[in-house]
Amino acid sequence: MLAIVKGLVQGDRRSVARAISIVDNREPEAKQIIKEIFGKTGKARTVGFTGPGGAGKSSLLGRLIPECQALGYKVAVLAVDPTSPITGGAILGDRVRMQGQLDDEKVFMRSMASRGAVGGVSKSLRNAIRVLDAAGYDLILVESVGAGQLEIEITKVVDLTVVLFTPNTGDNVQAVKAGLTEVGDIYVVNKADIDGAGPLYNILVDMIGDTERKPPILKTSAKTGKGIKELAQHVDKLLKERSINYKAHERKMLEDELKDMVSDIVAQKVASDLNSKKYSTFIDKLARKEIDPYVAAEKVAETLFK
C-alpha cells in the first residue's frame with residue numbers, strides 16, 4: 001500500500017490534501033491511489049449545489065456546514081471554481097466566503113479548478129470524492145461553478161442536487177426555465193432577506209411545486225441564517241430515504257463515469273491521429289473540392305476505427 005494511502009485512510013489531512021492534488025493533476029500515482037482506495041469507498045453521501053453565478057452558494061455552504069455537523073455528519077467541501085485564464089488554477093473565491101469553516105479542524109475544504117470542463121464540474125471531481133470518502137468523511141458538499149442553465153452535469157456526480165436561485169438578477173421567469181428546474185431534488189431561493197424573494201419563490205412554486213416529483217422549495221438567507229436549519233433537515237431526510245436504493249443509484253453513476261472515461265480515451269486517440277499525414281490528405285482534398293465535408297469525415301472515421 002502506498003504511504004499516502006495509509007495516511008489518508010487514517011484521516012491524515014496532509015495525506016488527503018496531497019492525494020486530491022495528485023488525482024486532480026493526473027500525476028503518475030493517481031491510478032494507483034484510486035486502485036487501492038476504490039474498495040473502501042461507497043459510504044459517503046454527496047450533495048451538489050448548483051445555480052446561476054451570484055446565487056450565494058459559498059456563503060450558504062458556510063452556514064450549512066455547522067447544521068450538518070449538528071446532525072452527526074463529518075463534513076467535507078469540494079468547491080469547483082472557475083479556471084484562471086492565466087495560471088489554469090482555481091480563483092478560490094469560496095475560501096473567502098467560508099473563512100469561518102476553514103478554521104474548523106473537523107471540516108475539510110478544498111477548491112478545485114473546473115479547467116474548462118463542461119457543466120462546471122472538474123473531470124477529477126469523482127476521484128476527489130473517493131479520496132474524501134476513504135478518509136472517513138460521510139457527507140461531501142460539492143459546489144459547482146455558477147454557469148447558468150447549462151450547469152446540470154453535477155447531477156451525474158452526486159446523490160442529491162440542491163439548486164439555488166437569487167432574486168433581482170434579471171428576468172425571474174427566464175432564470176428558472178428548463179434545465180436547472182428539471183434536475184433539482186431541493187430548490188432554494190437564497191438571499192431571501194432582500195426584495196424580490198417572494199415573487200421568485202411564487203414562480204418556483206408555480207413551475208415546480210405542481211410537478212409529480214414535488215421537490216421541497218425553500219427560502220434561505222446566508223446573511224441572517226433564515227431557513228438554513230430547515231435545509232439541512234431536508235438534505236438529511238432525502239439522503240436517508242434514498243439510502244434504501246443506493247446501490248442502484250451508485251451503479252448509474254458508475255455507468256455515467258465509465259462512459260465519460262471511455263469517451264475521453266477515444267477523444268485523446270482521435271486528437272493524436274488527426275495530426276497524422278494521412279489526415280492532411282483529406283484536408284487537401286477538401287481544399288481542392290474533390291470531396292465534401294461529410295464524405296471526408298466518414299472516411300477519416302473509418303481510418304481511425306479500423
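Two strands are taken to pair if DSSP finds at least two bridges between them, and helices (H or I, at least four residues) and strands (E, at least two) are DSSP runs numbered from the N terminus. The structure is a predicted model, in which local features need pLDDT of at least 70 and side-chain atom pairs count only at pLDDT 80 or more, while totals for chains, interfaces and linings use all residues. Residues are numbered from 1 along each chain as its sequence is written, and side-chain values use heavy atoms, with hydrogens and water left out.

**The sheet**

An open sheet is formed by 7 strands in the order β3-β2-β4-β1-β5-β6-β7, with parallel pairing. Strands β3 (108–113) and β7 (217–219) stand at the edges with a single partner strand each, so one side of each has no neighbour in the sheet. From one strand to the next the twist averages 20°.

| Strand | Joined to | Bridges | Direction | Residues standing opposite |
|---|---|---|---|---|
| β2 (residues 75–81) | β4 (residues 139–143) | 5 bridges | parallel | Val 77 and Leu 141 |
| β1 (residues 45–50) | β4 | 5 bridges | parallel | Thr 46 and Ile 140 |

Buried here means under 20% relative accessible area, against over 50% for exposed and partly exposed in between, with a 1.4 Å probe and protein chains only. By that criterion β4 is mostly covered, 5 of its 5 residues being buried: Leu 139, Leu 141 and Glu 143 point one way from the strand, whereas Ile 140 and Val 142 point the other way.

Helix α2 (residues 13–25) lies across β2 and β3 and runs at about 15° to β3; for such angles, axes are lines fitted to C-alpha atoms, for helices over the stretch in contact, and the angles run from 0 to 180 degrees between N-to-C directions.

**The aromatic pair**

Rings of Phe, Tyr and Trp (its six-membered ring) pair if their centres lie within 6.5 Å, and planes under 30 degrees apart count as stacked, over 60 as edge-to-face and the rest as tilted. A search of the whole structure gives 1 aromatic pair. The ring centres of Phe 108 and Tyr 137 are 6.1 Å apart and the planes stand at 50°, so the pair is tilted. Phe 108 belongs to strand β3 and Tyr 137 to the loop between α7 and β4, 29 residues apart, so that distant parts of the chain are linked. Both Phe 108 and Tyr 137 are buried.

**Helix contacts**

Angles under 35 degrees count as roughly parallel, over 145 as roughly antiparallel, 65 to 115 as roughly perpendicular and the rest as oblique, while contact means heavy atoms within 4.5 Å.

The axes of α7 (residues 125–134) and α12 (residues 246–273) come within 11 Å and cross at roughly 135°, which makes α7 oblique to α12. Arg 126, Asn 127 and Arg 130 in α7 meet Leu 254, Asp 256, Glu 257 and Asp 260 in α12. By class this contact has 1 nonpolar, 1 polar and 5 charged residues, where Ala, Val, Leu, Ile, Met, Phe, Trp, Tyr, Cys and Pro count as nonpolar, Asp, Glu, Lys and Arg as charged, and the others, Gly among them, as polar.

For α13 (residues 277–287) and α14 (residues 293–304), the axes come within 10 Å and cross at roughly 170°, and these helices are therefore roughly antiparallel to each other.
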